[in-house]
Amino acid sequence: MTLVLAIAVGALFTCGLYQILGKDLLRIAFGIYILFNAANLLILTVGTLPGDTAPFAFLGPRPSDPLVQAMVLTAIVIGFGLATFLLLLAARLSRDRHSLDAEDMRRWRR
Amino acid sequence: MASLTGLALPLLVAVPLAGIVAMLFAWGRPVASAWIALVTSLAALAAAAALVAEFAPVTPVEQSGPVAPVAPVAQATRVPGAGLPVHEVGGWPPPFGIALAPDRLGLTLAVLTGFLFSCGTAYHLGRTLLERRAATGAAGPHAVYPLAFPLLLLALLGLFTTGDLFNFYVFFELLAVSSYMLVALGKHEPIEAAWKYSAQSVVGSVSLLVGVALLYGRTGSLDLHDIALRLDEPALVAAPFFLLAFLLKAAVFPFHFWQPDAHAAATTEGSMILAGVLIKVGLFGLMRLGPILFGDRIAWLLLTIGGATILFGAAAAWRQADAKRLLGFSSVSQLGFVLVAIGWGTEGALAAAVFFVVAHSLAKALLFMATGFLADPLGSTEFAVLQGRGASRPLAAAAYLAGVLSLAGLPLTAGFVAKVGVLRQGVELGSWAIVGVAVLGSLLTLAYGLRAFQLLFWANPPAQPAPPAPPAHWAGKAALTVLATAVVALGLAPGPLWALCEAAARDVAGGSYRSATR
């Protein structure tokens with residue numbers, strides 16, 4: 001299971017990095033969102049107690065690590081908020097400047 | 001005075017929270033919001049000062065002998081860091097609960113934060129009152145803008161005092177988001193600068209999150225003291241991710257692209273806070289988490305980046321045609337000095353680094369505020385517009401000159417003590433190449449600083465007459481005077497602050513992660 005998750009984390013980081021290296025502001029914003037999700041999956045993967053059942057429910061002898069779930073819950077909210085903020089900025093930029101190309105940023109500088 | 005301890009530490013976080021709530025009730029009323037921001041900052045300053053007054057060392061500890069490298073983790077864990085305040089949030093003892101457990105480095109920076117926020121919000125109040133009096137009908141800042149002050153204050157004070165790794169990340173994010181507000185609601189080309197800043201900063205955030213995850217996977221704990229106990233050597237796997245996040249936040253040489261634009265876009269008080277405390281957060285992270293992450297393994301890297309940063313920033317500052325971009329590149333250059341001192345990593349060097357951070361924050365905030373006195377009435381920060389406009393503003397001129405001299409490290413200013421402290425460490429360690437770079441950087445600082453001063457306050461103004469500018473408000477003038485006094489006073493009597501910085505350095509080098517139970 002850990003191997004599958006590790007491969008998934010690696011694949012997500014690859015996709016995210018590829019996206020943020022592009023020129024399109026929207027693709028950068030989505031790439032960052034993918035990166036955040038990769039980090040969240042990484043947190044779940046590194047959880048110290050690889051459990052079989054839900055924590056605190058006393059369903060089995062090997063409960064999962066509740067701390068990673070708490071962390072991921074927080075991190076999901078933060079990542080979602082940041083990605084939304086970036087999308088909002090991209091929307092404002094495209095409205096003001098009629099472009100979503102990062103190359104144009106250089107020309108915008110006074 | 002246990003009651004004071006028990007109260008002041010949670011108050012550091014509670015006061016900005018109360019300020020946020022109060023500001024929601026004053027929604028859409030700029031003057032009331034500005035007053036709330038000022039009162040919140042002053043209250044936070046008082047709480048931080050009370051903590052420092054209680055926990056500042058009266059007598060320095062014995063070990064002032066020859067140079068000792070940064071303690072490796074195994075040694076660090078033997079030092080319990082006794083005598084520091086702890087607040088167990090909700091009564092849960094660490095490592096299960098989340099504790100506020102600052103070391104003296106965090107307390108020093110908390111006082112600095114409170115002081116700079118007080119000055120910045122005083123300027124904001126003055127500007128708001130002036131704008132209301134003028135009643136030009138021009139749109140002021142957005143109603144949400146003043147909310148950035150207590151939010152940032154909360155994030156900074158929380159970051160400086162937390163003893164929990166994930167809490168550190170959350171405050172780091174809160175800090176980033178509220179500083180995006182400061183830039184995106186600024187005056188000049190704000191959206192472009194905000195995009196640049198946010199996109200780069202968010203990459204740092206992801207990196208920090210990955211680092212936290214890896215460190216948690218390695219140790220199974222989030223309490224900083226507990227992590228230090230569980231590691232027997234620096235966590236080098238997680239280290240690069242933390243390093244990227246901190247260097248991006250500090251805006252040193254290869255990662256500086258967002259910083260001058262963000263400064264130029266933000267308002268005067270926004271720039272003061274950005275340059276004063278925000279970019280110092282990366283350095284705080286390096287110093288606070290350095291012992292568990294790197295030990296002394298990356299000294300060469302920090303020295304290389306620091307040296308390159310000093311020269312690049314100074315050279316770039318010389319070429320700027322915009323007063324605030326010049327100050328932004330100057331911050332890039334000056335932070336190189338701190339990075340070099342952290343790279344040396346001895347207790348003396350770390351003490352000099354902390355003092356340098358304080359001195360640079362005060363001087364840079366002073367310079368931004370003095371620039372704001374000229375630039376805010378004219379609505380531009382370019383030298384072409386501002387040229388010679390300061391001739392009729394003696395207070396701003398004196399403050400700007402004090403800031404430039406302190407920045408360049410001339411005697412009788414705080415910057416002198418800081419620069420001499422850093423250079424002395426370099427000489428003691430025989431690191432002559434870096435010392436040469438630092439001296440050259442100081443000379444370049446003096447050159448571009450005096451050039452800016454000459455352009456703003458001495459040169460002949462352009463032919464067309466200036467639009468009539470209202471005199472500055474008393475609140476802004478008072479803040480400017482207080483800041484300038486602080487810069488000069490710390491140069492004349494650096495003793496108490498230097499003792500505090502030495503204590504902070506001892507805490508850092510000793511790895512003072514602690515929790516109440518140990």
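Biologist: What relative accessible area does B:F312 have?
Modeller: B:F312 has 28%, so this residue is partly exposed. Buried means under 20% relative accessible area, exposed means over 50%, and partly exposed lies in between (1.4 Å probe, protein chains only).

Biologist: What am I looking at, and how is it numbered?
Modeller: This is a predicted model, in which local features need pLDDT of at least 70, side-chain atom pairs count only at pLDDT 80 or more, and totals for chains, interfaces and linings use all residues. Residues are numbered from 1 along each chain as its sequence is written, chains are lettered from A and ligands numbered from 1 in the order in which they are written, and side-chain values use heavy atoms, with hydrogens and water left out.

Biologist: Back to rings. How many aromatic pairs are there over all chains?
Modeller: The search of the whole structure finds 21. Rings of Phe, Tyr and Trp (its six-membered ring) pair if their centres lie within 6.5 Å; planes under 30 degrees apart are stacked, over 60 edge-to-face, and the rest tilted. B:F253 and B:F312 make a tilted pair, 4.7 Å centre to centre with 40° between the planes.

Biologist: Where do B:F253 and B:F312 sit in the chain?
Modeller: B:F253 is in the loop between helix 9 (239-250) and helix 10 (258-265) of chain B, and B:F312 is in helix 13 (residues 299-318). They are 59 residues apart, so the pair links distant parts of the chain. B:F253 is partly exposed, at 28% relative accessibility.

Biologist: Why is the pair of B:Y400 and B:F457 called tilted?
Modeller: Because the planes are at 55°, with the ring centres 5.4 Å apart. B:Y400 lies in helix 17 (residues 394-408) of chain B and B:F457 in helix 19 (residues 432-457), 57 residues apart. Both B:Y400 and B:F457 are buried.

Biologist: Which residues form one aromatic cluster?
Modeller: B:F160, B:F168, B:F172, B:F242, B:F246 and B:F284.

Biologist: What sits over the ring of B:F337?
Modeller: The charged end of B:K419, 4.7 Å from the ring centre. B:R451 lies over the face of B:W318, at 5.5 Å from the ring centre. The rule wants NZ of Lys or CZ of Arg within 6 Å of the ring centre and within 35 degrees of the ring normal.

Biologist: New topic. How many disulfides are there?
Modeller: The search over all chains finds 0. A disulfide here is a pair of cysteine sulfur atoms within 2.5 Å.

Biologist: How many residues of chain A are in contact with chain B?
Modeller: 34 residues of chain A are in contact with 32 residues of chain B. Contact means heavy atoms within 4.5 Å.

Biologist: What area is buried between chain A and chain B?
Modeller: About 2,900 Å², and carbon and sulfur atoms give 78% of that. Buried area is the accessible area (1.4 Å probe) that two parts lose on being put together, summed over both.

Biologist: And chain B itself: how many helices and strands?
Modeller: Chain B has 21 helices and 2 strands. These are DSSP runs numbered from the N terminus: helices are H or I, at least four residues, and strands are E, at least two. Of the 518 residues in chain B, 64% are buried.
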